[in-house]
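Colleague: Can you take me through this one? I'd like to start with how the strands pair.

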Amino acid sequence: MFHRFFVSCCISVYHTTTHFILFHFGLGRQLTTVKKMPYNLTVKKTEGKPGQVYYPLQLNEIPRPVPAAGHVLVRMSAAALNHRDLFIRQHLYPGISFEVDHPMLADGCGTVIELGPDTPSSLLGKRVLMTPSWGWDADPRGPEDDRRHSVIGATAMYPIGTAQDVISLPADEVVPAPEHLSNTEAAALPLTGLTAWRALVTKCDPQPGWNVLVTGIGGGVALHALQFAVALGCNVFVTSSDQGKIDRAVGSMGARAGVSYKSPDWDRQLRSILPEDRQYLDCVVDGAGGDIVARSVRLLRSGGTIACYGMTLGPKMDWSVQAMLKNIELKGSTMGSKKEFRDMVAFVRQHRIVPVVSRVVRGGLKNLEGIEGLFEDMKHAKQFGKLVILMEEEEDEQEGSSPKL
């Protein structure tokens, strides 16, 4: 009986990840692996002005972390890039850390292989996502204490990042990954999914049948916003400078239509394709800024909402008297709380939403050339979806349901 139970446990662990080979029955606190010293990836400080400098990547061999009380040790399977990581390398993001024990990246998926004292044993062997935004528990208005809030990854506030083979972190900062997602798909979800969820759901509160505009389709946040809004029963319209990205959003992701924001009259073009029974937008989810208020005020219903999660076109936006007289609400939105993250992951699980993966680089953190290629994709806006680093091969990754370009 014991032999059959032992074999059964070993088989279930083996299918969780091909590297985990044994469960310690005596302690029940650890899965052992045969592994060399782990690595992490940081940015190396060099001289240069913000926006002109481009910090190189640095691969570091590090000691194997030991989980403290209430912590879990996670072996990473995949990690994903965000625009934030490109901005860090260009010194266009605040609070950067160059320390060797402050690795890059906020997105990742891995498996719990060891528990610290007083950590729930139910987490052992679970595939998990890491909370990408720390120091913000549940307040829908914003972080309870701004001095404690930061996105993880090359940040001075927290020595945590997903560009690391093995990570020790508090157990309440992980959540089980949706079972229907591969490791690369799961790694593509956390920060962009959270940002999109807060901008769309918390700030706009969309209802079935609403007309929603998502600008800049092709980026991770915009694609998640599109997927969430479609799942909520909204009519989603998109903009992009790339007609191919618009065609993909409309052809395979449920968007109703789209226009190129390169056209000087794109707002008028968009109005012409709105449904006859609802000739206005209810809300706009935007990550560019610029003249979005002037454009949107012509399209939004009275009392409509613009949720702005980024300002890539510049640090300022104009506000017009027309927007004020029309009761337009402009709402800033950034990252999200731990509660919003858990709500978003539950929604993805319920609706079986699959994040869009643009390209995957295999070979783990040692493949610096491949990782640099992902950054180049982001620099030149080549991606449609997320850019992912695969740290260990698995059967589901070899088959994959998302595009690996």
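Colleague: Which residue in strand 16 stands opposite Leu-281?

Modeller: Leu-300. A strand here is a DSSP run of E of at least two residues, a helix is a run of H or I of at least four, and both are numbered from the N terminus. Before more detail: this is a predicted model, so local features need pLDDT of at least 70 and side-chain atom pairs count only at pLDDT 80 or more, while totals for chains, interfaces and linings use all residues. Residues are numbered from 1 along each chain as its sequence is written, and side-chain values use heavy atoms, with hydrogens and water left out.

Colleague: And what does Val-284 stand opposite in strand 16?

Modeller: Val-284 faces Ile-306. Strand 15 (residues 281-286) and strand 16 (residues 300-308) are joined by five bridges and pair in the parallel sense. Two strands count as paired if DSSP finds at least two bridges between them.

Colleague: How many bridges join strand 16 and strand 17?

Modeller: Four, again in the parallel sense. There, Ala-307 has Lys-331 of strand 17 opposite it.

Colleague: What is the strand order in the whole sheet?

Modeller: The order is 14-13-12-15-16-17, in an open sheet of six strands with parallel pairing. Strand 14 (257-260) and strand 17 (329-332) are the edges, each pairing on one side only. From one strand to the next, the twist averages 20 degrees.

Colleague: Which strands does helix 6 lie across?

Modeller: Helix 6 (residues 243-252) lies across strand 13 (235-240) and strand 14, and runs at about 170 degrees to strand 14. Such angles run from 0 to 180 degrees between N-to-C directions, with axes fitted as lines to C-alpha atoms, for helices over the stretch in contact.

Colleague: Now helices. At what angle do helix 4 and helix 10 pack?

Modeller: About 95 degrees, with the axes of helix 4 (residues 190-204) and helix 10 (residues 338-351) 9 Å apart. Helix 4 and helix 10 are therefore roughly perpendicular. The cut-offs are under 35 degrees for roughly parallel, over 145 for roughly antiparallel, 65 to 115 for roughly perpendicular, and oblique for the rest.

Colleague: Which residues of helix 4 meet helix 10?

Modeller: Pro-190, Gly-193, Leu-194, Trp-197, Arg-198 and Thr-202. From helix 10, Glu-340, Phe-341, Asp-343, Met-344 and Phe-347 take part. Contact means heavy atoms within 4.5 Å. By class, six of the residues in the contact of helix 4 with helix 10 are nonpolar, two polar and three charged. Nonpolar covers Ala, Val, Leu, Ile, Met, Phe, Trp, Tyr, Cys and Pro; charged covers Asp, Glu, Lys and Arg; the others, Gly among them, are polar.

Colleague: Which residues of helix 10 are buried?

Modeller: Lys-338, Glu-340, Phe-341, Met-344, Val-345, Phe-347 and Val-348. Buried is under 20% relative accessible area, exposed is over 50%, and partly exposed is in between, using a 1.4 Å probe and protein chains only. The cover over those buried residues of helix 10 includes strand 7 (127-130), strand 11 (174-176), helix 4 and helix 5 (220-231).

Colleague: How many residues of helix 5 are buried?

Modeller: Ten of its twelve, so helix 5 is largely enclosed by the rest of the structure. Among them are Gly-220, His-224, Gln-227 and Phe-228. Helix 5 reaches 17 Å from first C-alpha to last, close to the 16 Å expected. The expected span is 1.5 Å times one less than the number of residues.

Colleague: What comes just after helix 5?

Modeller: Gly-233, with a positive phi of about 85 degrees. Helix 10 is followed by Arg-352, whose phi is also positive, near 50 degrees. Arg-352 is not a glycine.

Colleague: Is Arg-352 buried or exposed?

Modeller: Exposed, at 57% relative accessible area. Arg-352 sits in the loop between helix 10 and strand 18 (357-361). His-91 is another non-glycine residue with a positive phi, about 55 degrees. His-91 lies in the loop between helix 2 (83-89) and strand 6 (107-115), and counts as partly exposed at 28%.

Colleague: Last one: how many helices and strands are in the chain?

Modeller: Twelve helices and 19 strands. The chain has 405 residues, and 55% of them are buried.
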